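Take a walk through this chain with the structure open beside you. Start with the overall fold, then follow the contacts.

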Amino acid sequence: MASSRKNVLVPYTALRCRVQSSSAFGFSKARGLILQSLEFQYISLSGNTFRSQVVEENYANPKTCFFHVLFKSAALAFYILSALFVSNFVIIFVITVFLSALDFWVVKNVSGRILVGLRWWNEINDQGESVWKFESLDQESLARMNKKDSWLFWWTLYLTAVAWVFLGIFSLIRFQADYVLAIGVCLSLSIANIVGFTKCRKDAKKQLQAFASKTIASRVSSTLQSAFSIV
């Protein structure tokens, strides 16, 4: 403990003697040396505290990210490894499609809403036409969304579809039409989420542009009205 105190006091003692004995340095230069010494000592003694405050941005919703990836990985892993453990195609088809359906539901209703602030669904109107419905957070909330969460959401969404495409090509090369059927169902569910969320994101951008245009127009009109009223 004594040695540490001595190390801290040495710069101050040496600096004080240097200021008092040298007449070449003026008051301003001496003050600059003191400030430099204090700054150097603060950095050397508190460097660990300063470095600990620089924290990398982490995932804001790790549990949601886990389940977002879980069912995708489970469906792909089971399909790829099923040839080693299961010989019945019906079991392979049912379990693979079931896991993909769980992933479709989780992405559409849970992870999409939490990780990127978007949600979509499809309805049939009175005329029998299919109508897309989109829902998103306000623009201020979307701007605050975690970048890592968003990155994980979109990349896993696209990579899963790419993986199913490669597996489908492989099954076609091996002339396994029944496995192509299972892959087709899983790929359709994956593409449905990609199309839905992509349209939802574009709709959110259009709403932002419309809101910005409306706000600018209202401000311009109010400015013109105030100017004419003054005249």
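The paragraphs below go from the overall layout to helix packing, salt bridges, the surface and a loop.

This is a predicted model, in which local features need pLDDT of at least 70, side-chain atom pairs count only at pLDDT 80 or more, and totals for chains, interfaces and linings use all residues. Residues are numbered from 1 along each chain as its sequence is written, and side-chain values use heavy atoms, with hydrogens and water left out.

Begin with the layout. The chain has 7 helices and 2 strands. Helices (DSSP runs of H or I, at least four residues) and strands (runs of E, at least two) are numbered from the N terminus. Along the sequence, the order is α-α-α-α-β-β-α-α-α. Of the 231 residues, 27% are buried. Buried means under 20% relative accessible area, exposed means over 50%, and partly exposed lies in between (1.4 Å probe, protein chains only).

Now look at how the helices pack. Two packed helices are described by the angle between their axes and the distance between the axes. Here, axes are lines fitted to C-alpha atoms, for helices over the stretch in contact, and angles run from 0 to 180 degrees between N-to-C directions. Take helix α3 (residues 62–85) and helix α4 (residues 89–115). Their axes lie 9 Å apart, at an angle of about 165 degrees. That makes α3 roughly antiparallel to α4. The cut-offs are under 35 degrees for roughly parallel, over 145 for roughly antiparallel, 65 to 115 for roughly perpendicular, and oblique for the rest. The α3 and α4 crossing is left-handed. A crossing is left-handed if the near helix is turned anticlockwise from the far one by less than a right angle, and right-handed if clockwise.

Helix α4 also packs with α6. Their axes come within 11 Å and cross at roughly 155 degrees. Because of that angle, α4 counts as roughly antiparallel to α6. This crossing, too, is left-handed.

Some C-alpha pairs give reference points. A74 sits in helix α3. It is partly exposed, at 26% relative accessibility. At 41% relative accessibility, L81 is partly exposed. From L81 to I92, 11 residues along the chain, the C-alpha separation is 10.0 Å. A192 belongs to helix α7. A192 has a relative accessible area of 26%, so it counts as partly exposed. A192 and F104 are 88 residues apart along the chain, and their C-alpha atoms are separated by 8.5 Å.

Which charged side chains pair up? Side chains of opposite charge can pair when their charged atoms come close. The structure holds 2 salt bridges. A salt bridge is a side-chain nitrogen of Lys or Arg within 4 Å of a carboxyl oxygen of Asp or Glu. One joins K72 and D103, at 2.9 Å from N to O. K72 is in helix α3 and D103 in helix α4, so this pair links distant parts of the chain, 31 residues apart. Both residues, K72 and D103, are buried.The other salt bridge pairs R119 with E135, with the closest N and O atoms 3.9 Å apart. R119 lies in strand β1 (residues 118–124) and E135 in strand β2 (residues 130–136), so the pair ties together parts that are 16 residues apart in sequence. R119 is partly exposed, at 24% relative accessibility. E135 is partly exposed as well, at 40%.

Turn to the surface. V162, V165, F166, I169 and I173 form a nonpolar patch there, with about 470 Å² of accessible area together. Patches are made of residues with over 30% relative accessible area and no salt bridge; like charges are joined within 9 Å, and nonpolar side chains (Val, Leu, Ile, Met, Phe, Trp, Tyr) within 5 Å. Accessible areas come from the Shrake-Rupley method with a 1.4 Å probe, and for residues only the protein chains shown count as cover. V162 is in helix α6 (residues 147–173). V162 counts as partly exposed, at 40% relative accessibility.

End in a loop. F175 is found between α6 and α7 (177–230). Its phi is near 55 degrees, a positive value in a residue other than glycine. At 78% relative accessibility, F175 counts as exposed.
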